[in-house]
Amino acid sequence: MTTSVRRSPRRHLLSAAVTTVLGVGLFLAGGLGLAPWPVTGADRAAGPTGEAGAPAAGADPLAQDINGIQAHLRQSPRDAVALGTLGLDYVQQAKNTADPTYYPKAEAVLKRSLSVDATDNFTAMGGMAALEAGRHDFRRALTWSRKAVAVNPYNSSLYGTLADALTQLGRYDEAADAVQRMVDLRPGAPSLARASYVAELRGDIDTARTDMRRALQDSAGPADQAFAHYYLGELAFNNGDPATELTEAAAGLRVAPTYTSLFQAKARAEAALGRTDAALADLNRAVQRVPQPEYVLQLGELYQSLGRTAQADEQYQLFRAEQKLFAANGVSLDSDAALFEADHGDAAQALAIARRGIESRPFMDTHDALAWALHANGRDREALAESDLALAQGTRNALFRYHRGMIERSLGDTAAARTDLATALSVNPHFSPLAAPKARAALTALTGPSRRT
């Protein structure tokens with residue numbers, strides 16, 4: 001079914017550029033990697049984002065697009081659509097390069113765009129939604145998403161940004177409705193990727209996998225295909241199948257050799273399969289190309305698991321420096337920064353970050369991080385209540401279950417701790433090079449001869 005959209009003459013300007021940006025660029029709305037941005041959630045929901053980490057800036061289509069729009073704006077500085085498009089490109093470039101200094105640039109041009117047209121300018125409104133989501137202010141992202149949808153209720157991509165904000169605010173049923181509307185308007189790779197994520201959050205892995213395979217079939221080009229292969233691999237790994245993740249990563253790299261996330265995925269699978277030299281080589285390659293905090297932290301924990309503490313510490317210092325840079329550019333730190341401090345740093349700081357994070361992003365990841373931070377501070381009863389909220393949707397998440405099991409162990413609830421630790425290892429025995437061995441050791445201690453009843 002097709003729907004005609006009324007367009008004002010102004011809205012029709014640069015229609016090809018707007019179609020490109022709103023059809024792809026807005027799928028960045030969830031963030032920039034593991035920390036301090038949401039991981040599977042927003043990046044998965046956000047859909048295809050291009051080939052991050054291309055070796056030469058001149059070969060980067062997004063950089064070329066930015067240069068072209070900047071040249072156009074030198075001739076037409078009050079072109080609202082071009083300004084909005086440039087703002088979206090800046091947010092996307094922040095994701096691709098792990099450089100949050102693009103956020104202030106994005107905000108400046110998006111505000112200029114809105115100063116020219118504050119009424120019909122759904123491009124800049126959608127751009128503001130993407131910007132606020134990237135900075136983890138999901139309440140503002142929701143406000144801007146709703147404004148954009150009110151202007152153009154037939155643009156499927158705008159429902160994507162709306163769904164992303166609702167998801168990260170813990171409003172899962174409303175998010176699912178927005179995704180369904182997105183699929184109804186335009187059933188393709190971006191909407192199907194979000195539908196896959198909705199199913200994954202509910203623990204329906206078969207549907208999540210089916211929808212992501214459909215997204216792969218509907219992929220428009222190499223970057224979209226690489227994106228789909230990455231998340232098919234992630235679905236496999238998160239459910240205990242690193243061999244399939246390795247296969248998916250290889251398939252993605254065949255079509256998009258510069259898609260850096262696939263080297264990170266390949267390394268994770270290789271580490272789980274005991275191929276640590278290959279894992280270190282691929283993960284170092286990913287970090288050198290684009291030092292996403294997710295990759296940096298993953299590399300540090302892999303080094304630590306191998307007893308290479310000096311190299312691990314180097315990565316942790318880099319991670320901390322990145323957190324400061326993100327915060328300085330308006331990004332609210334939440335789950336991943338809190339987990340890092342709880343595991344590797346300052347428990348009190350972990351709790352402070354998690355409490356702030358839950359205000360702007362009451363998503364299941366943040367509830368889990370708050371639970372773990374409370375546990376690190378000896379407040380296990382409160383921690384268990386937060387763990388309940390993290391798992392309330394039925395999601396299959398080994399890390400959540402591990403955290404819950406260790407909290408229950410501290411509370412002396414041996415039977416529950418055994419169940420949750422066993423569940424964590426059943427869901428994914430390779431979920432973390434540091435935490436998975438701790439889960440096995442704790443489970444062994446709890447099921448030893450003196451504990452059997």
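In this predicted model, α5 passes α6 in a left-handed crossing. Helix α5 covers residues 102-116, and helix α6 covers residues 122-134. Their axes come within 10 Å and cross at roughly 155°. An angle over 145 degrees counts as roughly antiparallel, and α5 and α6 are therefore roughly antiparallel to each other. From α5, the contact draws on Tyr103, Ala106, Glu107, Leu110, Ser113 and Leu114. From α6, Ala124, Met125, Gly127, Met128, Leu131 and Gly134 take part. By class, the residues of this contact are eight nonpolar, three polar and one charged.

Most residues other than glycine have a negative phi. Ala98 has a positive phi, near 55°. Ala98 sits in the loop between α4 (80-97) and α5. The relative accessibility of Ala98 is 9%. Buried means under 20%, so Ala98 counts as buried. His136 also has a positive phi, near 65°. The loop that holds His136 runs between α6 and α7 (138-151). The relative accessible area of His136 is 0%, and the residue is buried.

The chain as a whole is helical in its assigned secondary structure, with 24 helices and zero strands. The protein chain has 453 residues, of which 59% count as buried. Among contacts with a separation of 6 or more, 61% involve residues 24 or more positions apart. The accessible surface comes to about 17,800 Å². Carbon and sulfur atoms account for 50% of that surface.

Helix α7 and helix α8 (residues 156-168) have axes that come within 9 Å. The axes cross at roughly 155°. The two helices, α7 and α8, are therefore roughly antiparallel to each other. As α7 passes α8, the crossing is left-handed. On the α7 side, the contact involves Phe138, Ala141, Leu142, Ser145, Arg146, Ala148 and Val149. On the α8 side, the partners are Leu158, Tyr159, Thr161, Leu162, Ala165, Leu166 and Gln168. The contact of α7 with α8 has ten nonpolar residues, three polar residues and one charged residue.

Helices α10 (residues 189-201) and α11 (residues 205-217) form another packed pair. Their axes come within 8 Å and cross at roughly 170°. Helices α10 and α11 are therefore roughly antiparallel to each other. The α10 residues in the contact are Ala189, Leu192, Ala193, Ala195, Ser196, Ala199 and Glu200. The α11 residues are Ile205, Thr207, Ala208, Asp211, Met212, Arg214 and Ala215. Nine residues of this contact are nonpolar, two are polar and three are charged.

Ala176 lies in helix α9, which covers residues 172-185. The C-alpha atom of Ala176 is separated by 7.6 Å from that of Ala195. These two residues stand 19 residues apart along the chain. Ala195 is one of the α10 residues that meet α11. Apart from neighbours within four places in sequence, Ala176 is in contact with Val198 and Arg202. With a relative accessible area of 15%, Ala176 is buried.

The C-alpha atoms of Leu253 and Ala226 are separated by 6.9 Å. Along the chain, Leu253 and Ala226 are 27 residues apart. With residues up to four places away in sequence left out, Leu253 touches Tyr259, Leu262, Phe263 and Lys266.

How values were computed: Residues are numbered from 1 along each chain as its sequence is written. This is a predicted model: local features need pLDDT of at least 70, side-chain atom pairs count only at pLDDT 80 or more; totals for chains, interfaces and linings use all residues. Side-chain values use heavy atoms; hydrogens and water are left out. Helices (H or I, at least four residues) and strands (E, at least two) are DSSP runs, numbered from the N terminus. Buried means under 20% relative accessible area, exposed over 50%, partly exposed in between (1.4 Å probe, protein chains only). Contact means heavy atoms within 4.5 Å. Accessible areas come from the Shrake-Rupley method with a 1.4 Å probe; for residues, only the protein chains shown count as cover. Axes are lines fitted to C-alpha atoms, for helices over the stretch in contact, and angles run from 0 to 180 degrees between N-to-C directions. Angles under 35 degrees count as roughly parallel, over 145 as roughly antiparallel, 65 to 115 as roughly perpendicular and the rest as oblique. A crossing is left-handed if the near helix is turned anticlockwise from the far one by less than a right angle, and right-handed if clockwise. Ala, Val, Leu, Ile, Met, Phe, Trp, Tyr, Cys and Pro count as nonpolar, Asp, Glu, Lys and Arg as charged, and the others, Gly among them, as polar.
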